[in-house]
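Biologist: I would like to learn how to read a fold, one feature at a time. Where shall we begin?

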Amino acid sequence: MAAGAAGRRDPEPGPAGEKRILCVGLVCLDIISVVEAYPAEDSDTRCVSQRWQRGGNASNSCTVLALLGAPCAFMGSLAPGLAADFVLADLRRYGVDVGLAVPQAGGSLPASVVIASASRGTRTILHAHGNLPEVTARDFERVDLSQYKWIHWEVFISKDVAQHFGYRSAPEALQGLRSRVQPGATLICAWAEAGADAVGPGGELVHSDAFPPETLVDTLGAGDTFNAAVIFALSAGRSLQDALTFGCQIAGRKCGIQGFDGIV
Ligand code: ADP
(Lines give C-alpha, C1' and ligand atoms only; values in the text may rest on other atoms or scores of the structure.)
Protein backbone atom coordinates (compact mmCIF):
# COMPACT_ATOMS: atom_id res chain seq x y z
CA MET A 1 0.00 0.00 0.00
CA ALA A 2 1.16 3.52 -0.66
CA ALA A 3 3.11 5.19 2.12
CA GLY A 4 1.58 8.31 3.58
CA ALA A 5 -1.91 7.49 2.35
CA ALA A 6 -3.39 8.35 5.73
CA GLY A 7 -2.30 11.96 5.33
CA ARG A 8 -4.20 12.40 2.08
CA ARG A 9 -7.24 14.58 1.92
CA ASP A 10 -9.97 15.21 -0.57
CA PRO A 11 -10.19 18.81 -1.69
CA GLU A 12 -13.04 21.14 -1.12
CA PRO A 13 -14.95 21.99 -4.30
CA GLY A 14 -13.56 24.92 -6.32
CA PRO A 15 -14.74 28.52 -6.10
CA ALA A 16 -18.50 28.93 -5.79
CA GLY A 17 -18.82 25.19 -5.08
CA GLU A 18 -17.73 24.29 -8.61
CA LYS A 19 -16.77 20.64 -8.92
CA ARG A 20 -13.28 19.78 -10.08
CA ILE A 21 -11.86 17.85 -12.98
CA LEU A 22 -9.57 15.04 -11.80
CA CYS A 23 -6.73 13.76 -14.00
CA VAL A 24 -5.25 10.41 -12.98
CA GLY A 25 -1.87 9.37 -14.35
CA LEU A 26 1.71 10.37 -14.76
CA VAL A 27 3.72 13.26 -13.42
CA CYS A 28 7.39 13.27 -14.33
CA LEU A 29 10.34 15.56 -14.79
CA ASP A 30 11.07 16.67 -18.36
CA ILE A 31 14.61 17.88 -19.01
CA ILE A 32 14.19 19.72 -22.27
CA SER A 33 17.10 20.65 -24.51
CA VAL A 34 16.07 22.95 -27.34
CA VAL A 35 18.42 22.55 -30.30
CA GLU A 36 18.42 24.30 -33.66
CA ALA A 37 18.35 20.98 -35.52
CA TYR A 38 18.13 17.38 -34.36
CA PRO A 39 21.73 16.24 -33.74
CA ALA A 40 23.62 13.44 -35.43
CA GLU A 41 24.52 10.43 -33.32
CA ASP A 42 27.82 10.78 -31.43
CA SER A 43 28.00 14.54 -32.09
CA ASP A 44 28.54 17.36 -29.56
CA THR A 45 25.92 20.10 -29.85
CA ARG A 46 25.35 23.36 -28.01
CA CYS A 47 21.68 23.85 -27.04
CA VAL A 48 19.69 26.98 -27.85
CA SER A 49 18.24 26.64 -24.35
CA GLN A 50 17.64 24.03 -21.68
CA ARG A 51 15.00 23.84 -18.97
CA TRP A 52 13.41 21.60 -16.38
CA GLN A 53 9.67 21.33 -16.87
CA ARG A 54 7.02 19.35 -15.06
CA GLY A 55 5.71 16.74 -17.49
CA GLY A 56 3.59 13.61 -17.71
CA ASN A 57 0.21 13.28 -19.40
CA ALA A 58 -2.10 13.85 -16.42
CA SER A 59 0.11 16.57 -15.01
CA ASN A 60 0.28 18.46 -18.33
CA SER A 61 -3.47 18.23 -18.77
CA CYS A 62 -3.87 19.69 -15.25
CA THR A 63 -1.62 22.60 -16.24
CA VAL A 64 -3.80 23.35 -19.25
CA LEU A 65 -7.06 22.98 -17.31
CA ALA A 66 -5.72 25.37 -14.67
CA LEU A 67 -4.71 27.88 -17.35
CA LEU A 68 -8.19 27.59 -18.86
CA GLY A 69 -9.61 28.43 -15.44
CA ALA A 70 -11.04 25.04 -14.48
CA PRO A 71 -10.61 23.87 -10.87
CA CYS A 72 -8.68 20.62 -11.22
CA ALA A 73 -6.84 17.97 -9.24
CA PHE A 74 -3.99 15.58 -9.97
CA MET A 75 -3.83 11.97 -8.81
CA GLY A 76 -0.69 9.94 -9.43
CA SER A 77 2.36 8.40 -7.80
CA LEU A 78 5.07 10.60 -6.35
CA ALA A 79 8.54 9.39 -5.42
CA PRO A 80 10.57 10.87 -2.60
CA GLY A 81 13.31 13.29 -3.56
CA LEU A 82 14.23 16.60 -5.14
CA ALA A 83 12.64 15.97 -8.55
CA ALA A 84 9.31 15.16 -6.86
CA ASP A 85 9.59 18.31 -4.73
CA PHE A 86 10.09 20.29 -7.94
CA VAL A 87 7.01 18.89 -9.71
CA LEU A 88 4.83 19.14 -6.60
CA ALA A 89 5.75 22.79 -6.08
CA ASP A 90 5.04 23.47 -9.75
CA LEU A 91 1.61 21.80 -9.62
CA ARG A 92 0.80 24.00 -6.61
CA ARG A 93 2.08 27.09 -8.43
CA TYR A 94 -0.60 26.51 -11.09
CA GLY A 95 -3.27 26.03 -8.42
CA VAL A 96 -3.69 22.32 -9.17
CA ASP A 97 -4.99 20.44 -6.15
CA VAL A 98 -2.45 17.79 -5.14
CA GLY A 99 -4.35 16.33 -2.18
CA LEU A 100 -4.79 13.06 -4.06
CA ALA A 101 -1.12 12.62 -5.08
CA VAL A 102 0.07 9.26 -3.77
CA PRO A 103 3.47 9.44 -2.07
CA GLN A 104 5.46 6.22 -2.56
CA ALA A 105 8.20 5.12 -0.17
CA GLY A 106 10.55 3.84 -2.87
CA GLY A 107 11.44 4.30 -6.53
CA SER A 108 12.42 7.51 -8.21
CA LEU A 109 10.32 10.01 -10.11
CA PRO A 110 10.08 9.11 -13.82
CA ALA A 111 12.10 11.47 -15.96
CA SER A 112 12.22 12.23 -19.66
CA VAL A 113 15.07 13.70 -21.61
CA VAL A 114 13.53 15.63 -24.47
CA ILE A 115 15.33 16.89 -27.56
CA ALA A 116 13.22 19.67 -29.01
CA SER A 117 14.12 20.77 -32.52
CA ALA A 118 13.51 24.51 -32.92
CA SER A 119 13.67 24.39 -36.71
CA ARG A 120 11.12 21.59 -37.11
CA GLY A 121 9.07 21.77 -33.90
CA THR A 122 9.55 18.06 -33.24
CA ARG A 123 10.13 16.53 -29.83
CA THR A 124 12.11 13.33 -29.37
CA ILE A 125 11.49 11.78 -25.97
CA LEU A 126 13.64 9.37 -23.97
CA HIS A 127 11.55 8.23 -21.02
CA ALA A 128 12.76 6.46 -17.86
CA HIS A 129 10.01 4.87 -15.80
CA GLY A 130 11.76 5.20 -12.43
CA ASN A 131 10.37 1.93 -10.96
CA LEU A 132 7.62 3.87 -9.28
CA PRO A 133 4.58 1.79 -8.18
CA GLU A 134 1.33 2.77 -9.90
CA VAL A 135 -1.70 4.19 -8.12
CA THR A 136 -3.84 1.24 -7.03
CA ALA A 137 -7.57 0.59 -7.02
CA ARG A 138 -7.35 0.88 -3.21
CA ASP A 139 -5.89 4.36 -3.51
CA PHE A 140 -8.73 5.25 -5.82
CA GLU A 141 -11.39 3.86 -3.44
CA ARG A 142 -10.58 6.76 -1.11
CA VAL A 143 -11.60 9.38 -3.67
CA ASP A 144 -14.84 11.18 -2.82
CA LEU A 145 -16.44 10.99 -6.26
CA SER A 146 -18.99 13.65 -5.38
CA GLN A 147 -16.21 16.28 -5.52
CA TYR A 148 -15.53 15.77 -9.25
CA LYS A 149 -17.53 16.44 -12.37
CA TRP A 150 -15.10 14.61 -14.65
CA ILE A 151 -12.40 12.00 -14.04
CA HIS A 152 -9.84 11.42 -16.79
CA TRP A 153 -7.72 8.27 -17.19
CA GLU A 154 -7.52 7.17 -20.86
CA VAL A 155 -10.44 7.82 -23.04
CA PHE A 156 -8.83 9.38 -25.85
CA ILE A 157 -6.74 7.41 -28.32
CA SER A 158 -3.37 8.99 -29.06
CA LYS A 159 -1.78 8.87 -32.49
CA ASP A 160 1.09 6.85 -30.99
CA VAL A 161 -1.27 4.17 -29.67
CA ALA A 162 -3.27 4.13 -32.90
CA GLN A 163 -0.10 3.70 -34.94
CA HIS A 164 1.02 0.94 -32.59
CA PHE A 165 -2.18 -0.91 -33.54
CA GLY A 166 -1.37 -0.38 -37.23
CA TYR A 167 -3.79 2.44 -38.04
CA ARG A 168 -2.65 5.17 -40.42
CA SER A 169 -5.22 7.88 -39.70
CA ALA A 170 -7.63 8.98 -36.99
CA PRO A 171 -10.79 7.88 -38.88
CA GLU A 172 -9.21 4.48 -39.52
CA ALA A 173 -8.34 4.11 -35.81
CA LEU A 174 -11.85 5.09 -34.72
CA GLN A 175 -13.45 2.66 -37.11
CA GLY A 176 -11.12 -0.14 -36.05
CA LEU A 177 -11.34 0.41 -32.29
CA ARG A 178 -15.02 1.21 -32.02
CA SER A 179 -16.10 -2.40 -31.65
CA ARG A 180 -13.70 -2.79 -28.69
CA VAL A 181 -15.41 -0.18 -26.49
CA GLN A 182 -18.80 -0.18 -24.82
CA PRO A 183 -21.78 0.77 -26.98
CA GLY A 184 -22.56 4.44 -26.41
CA ALA A 185 -18.95 5.39 -25.67
CA THR A 186 -17.34 8.41 -27.30
CA LEU A 187 -13.94 7.84 -28.94
CA ILE A 188 -11.63 10.72 -29.74
CA CYS A 189 -8.38 10.56 -31.68
CA ALA A 190 -6.02 13.48 -32.37
CA TRP A 191 -3.59 13.26 -35.27
CA ALA A 192 -1.09 16.14 -35.24
CA GLU A 193 -1.36 18.32 -38.39
CA ALA A 194 -4.45 16.38 -39.49
CA GLY A 195 -6.41 17.73 -36.50
CA ALA A 196 -8.72 15.34 -34.70
CA ASP A 197 -11.67 13.01 -35.29
CA ALA A 198 -14.27 11.56 -32.98
CA VAL A 199 -17.17 9.16 -33.00
CA GLY A 200 -20.04 10.08 -30.72
CA PRO A 201 -22.34 7.84 -28.64
CA GLY A 202 -24.80 7.49 -31.52
CA GLY A 203 -22.08 6.69 -34.06
CA GLU A 204 -21.91 10.20 -35.49
CA LEU A 205 -18.51 11.14 -36.96
CA VAL A 206 -17.00 14.51 -36.12
CA HIS A 207 -13.83 16.16 -37.41
CA SER A 208 -11.83 19.31 -36.76
CA ASP A 209 -8.92 20.51 -38.83
CA ALA A 210 -5.77 21.53 -36.98
CA PHE A 211 -5.05 25.21 -36.32
CA PRO A 212 -1.36 25.45 -37.17
CA PRO A 213 0.52 28.29 -35.48
CA GLU A 214 2.40 30.80 -37.60
CA THR A 215 5.63 29.13 -36.53
CA LEU A 216 5.80 25.62 -35.18
CA VAL A 217 7.83 25.96 -31.97
CA ASP A 218 7.21 23.09 -29.53
CA THR A 219 4.84 20.13 -29.87
CA LEU A 220 5.74 18.52 -26.51
CA GLY A 221 2.44 18.05 -24.67
CA ALA A 222 0.24 18.97 -27.67
CA GLY A 223 -1.85 15.84 -27.14
CA ASP A 224 -2.23 16.52 -23.40
CA THR A 225 -3.26 20.08 -24.24
CA PHE A 226 -5.80 18.82 -26.76
CA ASN A 227 -7.23 16.33 -24.22
CA ALA A 228 -7.52 18.99 -21.51
CA ALA A 229 -9.23 21.50 -23.79
CA VAL A 230 -11.70 18.87 -25.06
CA ILE A 231 -12.50 17.79 -21.47
CA PHE A 232 -12.87 21.44 -20.46
CA ALA A 233 -15.43 22.00 -23.23
CA LEU A 234 -17.33 18.71 -22.83
CA SER A 235 -17.55 19.12 -19.05
CA ALA A 236 -19.09 22.56 -19.63
CA GLY A 237 -21.83 20.93 -21.72
CA ARG A 238 -20.53 21.92 -25.16
CA SER A 239 -21.11 19.64 -28.17
CA LEU A 240 -18.57 17.08 -29.36
CA GLN A 241 -17.94 19.17 -32.49
CA ASP A 242 -17.37 22.33 -30.44
CA ALA A 243 -15.10 20.46 -28.05
CA LEU A 244 -13.00 18.98 -30.86
CA THR A 245 -12.60 22.36 -32.53
CA PHE A 246 -11.70 24.03 -29.22
CA GLY A 247 -9.20 21.24 -28.50
CA CYS A 248 -7.46 21.77 -31.84
CA GLN A 249 -7.45 25.57 -31.38
CA ILE A 250 -5.80 25.43 -27.95
CA ALA A 251 -3.39 22.64 -28.99
CA GLY A 252 -2.43 24.65 -32.09
CA ARG A 253 -1.68 27.66 -29.90
CA LYS A 254 0.44 25.48 -27.64
CA CYS A 255 2.48 24.31 -30.66
CA GLY A 256 3.39 27.95 -31.33
CA ILE A 257 5.03 28.53 -27.91
CA GLN A 258 7.56 26.85 -25.64
CA GLY A 259 5.82 25.17 -22.69
CA PHE A 260 2.23 26.03 -21.77
CA ASP A 261 2.18 29.58 -20.41
CA GLY A 262 0.47 31.74 -23.00
CA ILE A 263 -2.04 29.26 -24.42
CA VAL A 264 -4.90 31.47 -23.21
P1 ADP B 1 0.77 14.03 -29.17
O2 ADP B 1 1.77 13.53 -30.17
O3 ADP B 1 1.33 15.02 -28.18
O4 ADP B 1 -0.02 12.94 -28.53
P5 ADP B 1 -0.69 15.04 -31.51
O6 ADP B 1 0.55 15.19 -32.31
O7 ADP B 1 -1.62 13.97 -31.95
O8 ADP B 1 -0.34 14.90 -29.95
O9 ADP B 1 -1.44 16.44 -31.53
C10 ADP B 1 -2.55 16.76 -30.72
C11 ADP B 1 -3.22 17.98 -31.30
O12 ADP B 1 -2.28 19.06 -31.32
C13 ADP B 1 -3.67 17.80 -32.74
O14 ADP B 1 -5.02 17.36 -32.81
C15 ADP B 1 -3.55 19.22 -33.30
O16 ADP B 1 -4.72 19.95 -33.02
C17 ADP B 1 -2.39 19.81 -32.51
N18 ADP B 1 -1.13 19.69 -33.26
C19 ADP B 1 -0.11 18.83 -33.05
N20 ADP B 1 0.89 18.99 -33.94
C21 ADP B 1 0.49 20.02 -34.74
C22 ADP B 1 1.07 20.68 -35.86
N23 ADP B 1 2.25 20.34 -36.35
N24 ADP B 1 0.35 21.69 -36.42
C25 ADP B 1 -0.86 22.06 -35.94
N26 ADP B 1 -1.45 21.46 -34.89
C27 ADP B 1 -0.80 20.45 -34.30
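Modeller: Strands (E, at least two residues) and helices (H or I, at least four) are DSSP runs, numbered from the N terminus. This is a predicted model, where local features need pLDDT of at least 70 and side-chain atom pairs count only at pLDDT 80 or more, while totals for chains, interfaces and linings use all residues. Residues are numbered from 1 along each chain as its sequence is written, and side-chain values use heavy atoms, with hydrogens and water left out.

Biologist: How many bridges link E11 and E12, and in which sense do they pair?

Modeller: The general idea first. Strands of a sheet pair through backbone hydrogen bonds, either parallel or antiparallel. Here two strands pair if DSSP finds at least two bridges between them. Strand E11 (residues 196-199) and E12 share four bridges, in the antiparallel sense.

Biologist: What is the strand order in that open sheet of three strands?

Modeller: The order is E10-E11-E12, with antiparallel pairing. Strands E10 (187-190) and E12 (205-208) are the edges, each pairing on one side only. Neighbours in this sheet are turned by 15 degrees against each other on average, direction ignored. The axes are lines fitted to C-alpha atoms, for helices over the stretch in contact, and angles run from 0 to 180 degrees between N-to-C directions. Helix H5 (residues 170-177) lies across E10 and E11 and runs at about 150 degrees to E10.

Biologist: Which way do the side chains of E1 point?

Modeller: In a regular strand the side chains alternate between the two faces of the sheet. In E1 (residues 20-24), Arg-20, Leu-22 and Val-24 point one way, and Ile-21 and Cys-23 the other way. Five of the five residues of this strand are buried. Buried means under 20% relative accessible area, exposed over 50%, and partly exposed in between (1.4 Å probe, protein chains only). E1 runs parallel to E9 (residues 148-152), with four bridges. It also runs parallel to E4 (residues 72-75), again with four bridges. Leu-22 stands opposite Ile-151 in E9, and its bridge partner in E4 is Ala-73.

Biologist: How do I read a helix pair? At what angle do H1 and H6 cross?

Modeller: Two packed helices are described by the angle between their axes and the distance between the axes. The axes of H1 (residues 57-68) and H6 (residues 222-235) come within 8 Å and cross at roughly 50 degrees. H1 is therefore oblique to H6. The scale is this: under 35 degrees is roughly parallel, over 145 roughly antiparallel, 65 to 115 roughly perpendicular, and the rest oblique. H1 passes H6 in a right-handed crossing. A crossing is right-handed if the near helix is turned clockwise from the far one by less than a right angle, and left-handed if anticlockwise.

Biologist: Which residues meet there?

Modeller: Contact means heavy atoms within 4.5 Å. From H1 come Asn-57, Asn-60, Ser-61, Val-64, Leu-65 and Leu-68, meeting Asp-224, Thr-225, Asn-227, Ala-228, Ala-229 and Phe-232 in H6. The residues of this contact divide into six nonpolar, five polar and one charged. Ala, Val, Leu, Ile, Met, Phe, Trp, Tyr, Cys and Pro count as nonpolar, Asp, Glu, Lys and Arg as charged, and the others, Gly among them, as polar.

Biologist: Is Ser-77 buried or exposed?

Modeller: Ser-77 has 10% relative accessibility, so it counts as buried. Ser-77 lies in strand E5 (residues 77-78). Beyond its neighbours within four places in sequence, its contacts include Val-27, Gln-104 and Pro-133.

Biologist: Last topic: phi. Where does Asp-42 lie?

Modeller: Most residues other than glycine have a negative phi, and most peptide bonds are trans. Asp-42 has a positive phi of about 65 degrees although it is not a glycine. Asp-42 lies in the loop between E2 and E3. Its relative accessible area is 80%, so Asp-42 is exposed. Ala-192, also not a glycine, has a positive phi of about 45 degrees. Ala-192 is placed in the loop between E10 and E11. With a relative accessible area of 45%, Ala-192 is partly exposed.
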